[in-house]
Structure formats: C-alpha cells, structure tokens
Amino acid sequence: MEVQSRAPGKVILCGEHAVVHGSTAVAASINLCTNINFRPASAGSGDRLLELELKDTDIVLSWPTERLKEVFSEIGSPAPLSPQPCSPETLELIYGLYEEQKLPEAKAGLASGISAFIYLYTSIQGLKAGRVVVSSDLPLGGGLGSSASFCVSLCGALLAFSGAVGLQHEQNSWFKFGKNELELVNKWAFEGEKIIHGKPSGIDNTVSTFGNMIMFRSGELTQIEPNVPLRMLITNTKVERNTKALVAGVSARASRHPHAMASVFAAVDSISKELSEILQSPALDALSISAREDKIGELMEMNQGLLQCMGVSHASIEDVLRTTLKYNLISKLTGAGGGGCVLTLLPTSLSSEIVGKVMAELEPCGFQCFTTEVGGRGLEIFLSGSPPPPLIEHFDQRPR
Ligand SMILES: Nc1ncnc2c1ncn2[C@@H]1O[C@H](COP(=O)(O)OP(=O)(O)O)[C@@H](O)[C@H]1O
Ligand SMILES: C[C@@](O)(CCOP(=O)(O)O)CC(=O)O
Ligand SMILES: [Mg+2]
C-alpha cells in the first residue's frame, strides 16, 4: 500500500500580515504543489525506521522506532481525529530528535519543517515505521505557501492511511476527500503551520486544503467565485526570508504603535472586502473587464503601500515594482515579503509580447518569472495497493 498526495501553494491577492491581526484577506491556490509519497511499513516486514526524504534539499533522515518510543513514552497514543497544538514540552523533545540528525548549520532553516513533520507523523500515525518522501514545485520560503502545502499534503497522506477517515474513492486515480476529512486535514495542517510560523492566520493551509479563491477572516473562509479568470506574473526575487521572523516583526511594530497599526489593518480589511466584491461582480464586455482590472490593480497598489507601512517590503521587491510600472503594470508582494515573490496583474488585453519584454527585463536581475492563473485544485490523494487498515480503536485523547 502506498499513498501519494499533492496540495497546492497559494498567492495572497490582498491582506497578508493584516490577516494575522484579524483583517480580511483574499487568497487563491496556484498550480504548483507539494507532493508526498507515504509508504507505511507492511505488517510483519520487520521494518523499524521512520524515514523522511526531503528531495528539494537533498536530505534523508531516519529515526529508529525504538528511539521514538523512548522519547514519546510519556506522551500517549495518536489521536488522529482530534487535532491538538504541540505543547512546548513536546516541541522540545521533538527538537532533540531533530538535533540528533546533526544536519549542517546551513540547513538550520529546515528545523521547524522537520519538527512539524515529526509532530504530525507521530500524532496521526503513532510510532510506526514508514517512509515519507517530499518534493515540491514551490520555492521554499518564497511567499507561495510551501510550508502550508507541505503540512496539508503530509496530513492528507497520513490521514488517508490512518484508518481514521472513511474513504470513498477509486483506487489508482486521484481523488478528493469529503468535506469532513478536508476539515480534519486543515486543522492538523494548521497545527503544523504553528510550529513553522509561530502565529499563522490559517489562510495558507485553508486555501491549500480547499483550493479555489477564498476570502478569509479570523479562521472563517468564504468561497469567492471570480467572474473572469485572473492572470498573474509571479516574480521570485530569490531573496531568502523567514515568515516567522517577518510575522513577529509586524507584531512588534503593532505593539509599538497600536493605534497607527490598527488603522493600517482596518484599511487592509476594507481593501480586501472591496477586492472580493469586484472579483465577483459581473463583467459583461471588454470595456467592463478592463475597468474591473483597473480597480483590482489600484487595490493591489494600495495594499502594497500598506505592506510598506508594516515594514515588510524589500529593495528587491521595489525593483520589481519599478520595472513592471514602466509597462503600466501593477505589482505587490505576496506572502510574508522581505524578499520572496511579487505578484503582477496581467490585464486580459495585455499582449504576450509585452509579458515577454517584462520577463526579459526582470530575469537578468537574477529573478525568476512565470505566469499563472489563480484559483484551482486543493488537496488530492492517490492510493495504490490494498486498502487502509480498519479504524484505530483506542484513541488516547490526552493532550500531547
Ligand atoms: N518541500 C519541503 N521540504 C522541506 N521543508 C519544507 C518544504 N516545504 C516547506 N518546508 C518548510 O517550510 C519552511 C518555509 O516556510 P515559510 O518560511 O513559511 O515560507 P513559504 O511558506 O512562503 O514557502 C522551510 O524552511 C521548511 O522548514
Ligand atoms: C504573512 C502571512 O499572512 C502569510 C505568510 O505566507 P508565506 O508563508 O510567506 O507563504 C502569515 C499568515 O497569514 O499566517
Ligand atoms: Mg509559509
């Protein structure tokens, strides 16, 4: 038996950071995924290793299941149906397991992702042997939600083989979970995101789980049905940054200037709400489509200004903004900022020749460009081999 899963990355069209502080944000999935392959050890095989291969970073890690049992003996059995936060004590034990792998200092940025993996695996699968292989189409730490798609894809694969969720699917073809199962995946993935981000809003794991375009506020999502497809240019500045540090930086600014920052977050809330109305408004002819795109661009421009107020822009982002503006195109950072990726709205009337010219001007600066339509699939699963085992019986609900 083997499970494959794929969960998409995302772009935030409006509202990153402010969404952490309760404002509305608008996000959509993109057609780049994190892929997981999970092979549980077959009964009686004698396998005694939990293995994790991270293909994007050329790392293979393994822990003997005996070692996991030693470390987690006090903690209790898995409870795949009741997602719970990782306690600081458990996180410390998990960090010890990460440190035992003695990865080079240059890979230290992966510690939180590997810790999230250990927490989610042991919570959902228990201390059983198995092999998980991860590969992603997304840049890691680029603002396109690789951390959330990693957590969503992983939880999807682990839950598919936990015996804890009912599966109605065709074998040997990609299928989607039902609503309840997706909600369970989303809750677990949020716990993983907390380990990676510190204080996530939940927008990234939600859009990766459910796909499409969503409006999100304080944990609640509303599906958006855009009336015309949105085409975007994504420019990866390749400037490395860390979401956790940027989110903490905005919170620190908010506690230094609570009134001013409350106004900034309120302005973002209004922009996101207006954006979602415009996206869903009827656009019947070329003229109204172009008027609508002008408004979307203007709102993106206003949101970028407020992101600058929050202190999360970067010289590389400003370079992209200036270059695209020469072609009358509007851009904004997407995700946590501080480098990472920039979104540029490509109006329907824009010729592919102009898009080519913009890319030709950006790429020699060391940036990587690609175009995408936004709002697509969410999490998908593929099972091969014999069916999952029956429901695990005695869930231990003790807090982990
Ligand atoms: N394919 C992957 N392999 C290993 N770690 C990953 C992978 N995808 C995400 N991660 C984890 O997520 C972190 C990046 O998350 P983050 O800083 O939130 O940026 P983003 O979500 O925008 O890509 C990485 O440093 C790593 O810990
Ligand atoms: C900055 C933030 O709004 C989005 C972060 O996205 P990313 O990890 O940079 O892809 C944080 C959050 O909403 O959890
Ligand atoms: Mg992230």
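**Reading the model**

Reply: Asp 294 counts as exposed, because its relative accessibility is 56%. The terms used here are buried for under 20% relative accessible area, exposed for over 50%, and partly exposed in between (1.4 Å probe, protein chains only). Asp 294 belongs to helix α9, residues 286-310. Helices (H or I, at least four residues) and strands (E, at least two) are DSSP runs, numbered from the N terminus.

Me: What should I know about the model and its numbering?

Reply: This is a predicted model in which local features need pLDDT of at least 70 and side-chain atom pairs count only at pLDDT 80 or more, while totals for chains, interfaces and linings use all residues. Residues are numbered from 1 along each chain as its sequence is written, chains are lettered from A and ligands numbered from 1 in the order in which they are written, and side-chain values use heavy atoms, with hydrogens and water left out.

Me: How many residues apart along the chain are Asp 294 and Ile 75, and what separates their C-alpha atoms?

Reply: They are 219 residues apart along the chain, and their C-alpha atoms are separated by 55 Å. For Ala 25 and Thr 334, 309 residues apart along the chain, the C-alpha separation is 12 Å.

Me: Is Ala 25 buried or exposed?

Reply: Ala 25 is buried, with a relative accessible area of 0%. This residue lies in strand β2. Contact means heavy atoms within 4.5 Å. Not counting residues up to four places away in sequence, Ala 25 touches Cys 14, Gly 15, Val 19, Ile 203, Ile 214, Met 215, Phe 216 and Ser 272.

Me: Which residues of helix α1 are buried?

Reply: They are Thr 65, Leu 68, Val 71 and Phe 72. Seen down the axis of α1, these buried residues fall within an arc of 120°, so they line one face of the helix. The arc is that of the directions from the helix axis to the C-beta atoms. The elements they pack against are β3 (49-54), β4 (59-64), α2 (88-99) and α3 (111-124).

Me: What does Leu 68 touch?

Reply: Leaving aside neighbours within four places in sequence, Leu 68 is in contact with Leu 50, Trp 63, Leu 97 and Leu 127. Its relative accessibility is 0%, so Leu 68 counts as buried. Leu 68 and Thr 34 are 34 residues apart in sequence, and 26 Å apart in space from C-alpha to C-alpha.

Me: Where is Leu 93?

Reply: Leu 93 is in helix α2. At 37% relative accessibility, it counts as partly exposed. Its contacts are Val 71 and Ile 75, not counting residues up to four places away in sequence.

Me: What is a pocket, and what lines the second largest pocket?

Reply: On a 1 Å grid over the protein atoms alone, a pocket is an open set of points where a 1.4 Å probe fits, with protein on both sides within 12 Å along at least five of seven lines; lining residues have an atom within 4 Å of a point. The second largest pocket is lined by 18 residues, and Pro 40, Ala 41, Ser 42, Ala 43 and Ala 129 lie nearest its centre. β2 (25-40) and α1 (65-72) each supply at least two residues of that lining. The space in this pocket is about 290 Å³, where grid points are joined across faces, edges and corners and a volume is the space filled by probe spheres set on the points.

Me: Which residues coordinate the magnesium ion (ligand 3)?

Reply: Donors are N, O and S atoms within 2.8 Å of the metal (3.2 Å for Na, K and Ca); water is not among the atoms, so sites may look incomplete. The magnesium ion is coordinated by Ser 147 (OG) and His 197 (NE2), at 2.2 to 2.4 Å. The pair links distant parts of the chain, 50 residues apart: Ser 147 is in helix α4 (residues 146-160) and His 197 in helix α5 (residues 179-197). Both Ser 147 and His 197 are buried.

Me: What is there to say about phi?

Reply: Most residues other than glycine have a negative phi. Asn 212 has a positive phi of about 60° although it is not a glycine. Asn 212 is in the loop between α6 (203-210) and β6 (213-217). Lys 238, also not a glycine, has a positive phi near 65°. Lys 238 is in the loop between β8 (231-236) and α7 (243-256).
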